[in-house]
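Me: I would like to go through this model with you, piece by piece. Could we begin with the helices and then move on?

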Amino acid sequence: MNSRCQIDLIDMQAQSDGEYKFILVYQDHLTKYVLLRPLKHKRAENVAYVFLDIFTTFGAPSILQSDNGREFANKVVTEICRMWPELKIIHGKPRHSQSQGSVERANQDIENVLATWLTDNRTKKWSEGLKFIQFMKNRSLHSGIKCSTYEAMFGTKAKIGLKSTLLPINIISDLRTEEDLETALNSISTTSNSNNNIENTEGIK
C-alpha cells in the first residue's frame, strides 16, 4: 500500500470553474483509493505543491506512475524533491495497459458522478464538489478488490457521523450535544436490558 501510485489529469478547460481548469486524480495502485484535487494550471510546480500536501498527510510512494508523458512526470518529481529535499521518489511507467486502465476507468466514473452532483446541486462549481465525489467514490464497492477502496486503505468502513451508528433516525434527528447522545444511549441501554429481563422471565415460566 502506498508504494506505487498513479496520477492523471482530467482536462476541464471547456467547463472551467473560475481559475480551476484541471482535476488531479491520484490513485494508490494497490487499494485503488483515490484523491481528487482541483488545479488552476498543469505546470509541474502547481502539481508538485498539491503532491506536497498529499505526501505529508498520507506519506510518499516510492514510484509515481503517469500517463501524461515522461517529461511532465520527471518535471513533477524534480519539483517535489526540490521542495522536500529528504524525499526520494522516481517516475515509473505503467507496467501494463490494465494498470493505466484502472485510472482511466476511475476518471470516467469521476466525470459521471461529478456531472450528476452538479445537476443535483444546480451549480457549476465543480471544484467544491470534488471532496464529496472523492468520498462517494472511495466509499462505494470496487468490483476488483471486493470491498470499498476506503476499507482497503484504512481497514474499516467509511463513517458519516451518527448515521453510521445503529441509532434510529428519529433519535439521531433530535441530537444536538454530547449530553443528548449520552442520554439517548442510556435510554436505549435501559430499554434493551428491560426487554432481556422480560424474555428471561418468560423463559423461566
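**Helix, hairpin and confidence**

Reply: Helix α4 has a kink of about 25 degrees, centred on Phe 132. The bend at a residue is the angle between axes fitted to the seven residues ending there and the seven starting there. Helices (H or I, at least four residues) and strands (E, at least two) are DSSP runs, numbered from the N terminus.

Me: What kind of model is this, and how are residues numbered?

Reply: This is a predicted model, in which local features need pLDDT of at least 70, side-chain atom pairs count only at pLDDT 80 or more, and totals for chains, interfaces and linings use all residues. Residues are numbered from 1 along each chain as its sequence is written, and side-chain values use heavy atoms, with hydrogens and water left out.

Me: How far does α4 reach from its first C-alpha to its last?

Reply: Its 14 residues, 126–139, reach 19 Å, close to the 20 Å expected at 1.5 Å a residue. The expected span is 1.5 Å times one less than the number of residues.

Me: Which residues of α4 are buried?

Reply: Among them are Trp 126, Leu 130 and Ile 133. Buried means under 20% relative accessible area, exposed over 50%, and partly exposed in between (1.4 Å probe, protein chains only).

Me: Changing topic: where does β3 pair, and in which sense?

Reply: Strand β3 pairs with β2 (residues 22–28) in the antiparallel sense over six bridges; two strands pair if DSSP finds at least two bridges between them. Val 34 in β3 is the bridge partner of Gln 27.

Me: Is β3 enclosed or exposed?

Reply: Five of the six residues of β3 (residues 34–39) are buried, so the strand is largely enclosed by the rest of the structure.

Me: What about phi at Lys 32 in the turn?

Reply: Lys 32 lies in the hairpin turn, with five residues between β2 and β3, and has a positive phi of about 70 degrees. Most residues other than glycine have a negative phi. Lys 32 counts as buried because its relative accessibility is 15%.

Me: And Lys 146, buried or exposed?

Reply: Lys 146 is exposed, because its relative accessible area is 67%. Lys 146 also has a positive phi, about 65 degrees, and sits in the loop between β6 (141–142) and β7 (147–148).

Me: Finally, which element has the lowest mean pLDDT?

Reply: Helix α7 (residues 178–204) has the lowest, at 66, whereas β3 has the highest, at 95. pLDDT is the predictor's confidence in each residue, from 0 to 100.
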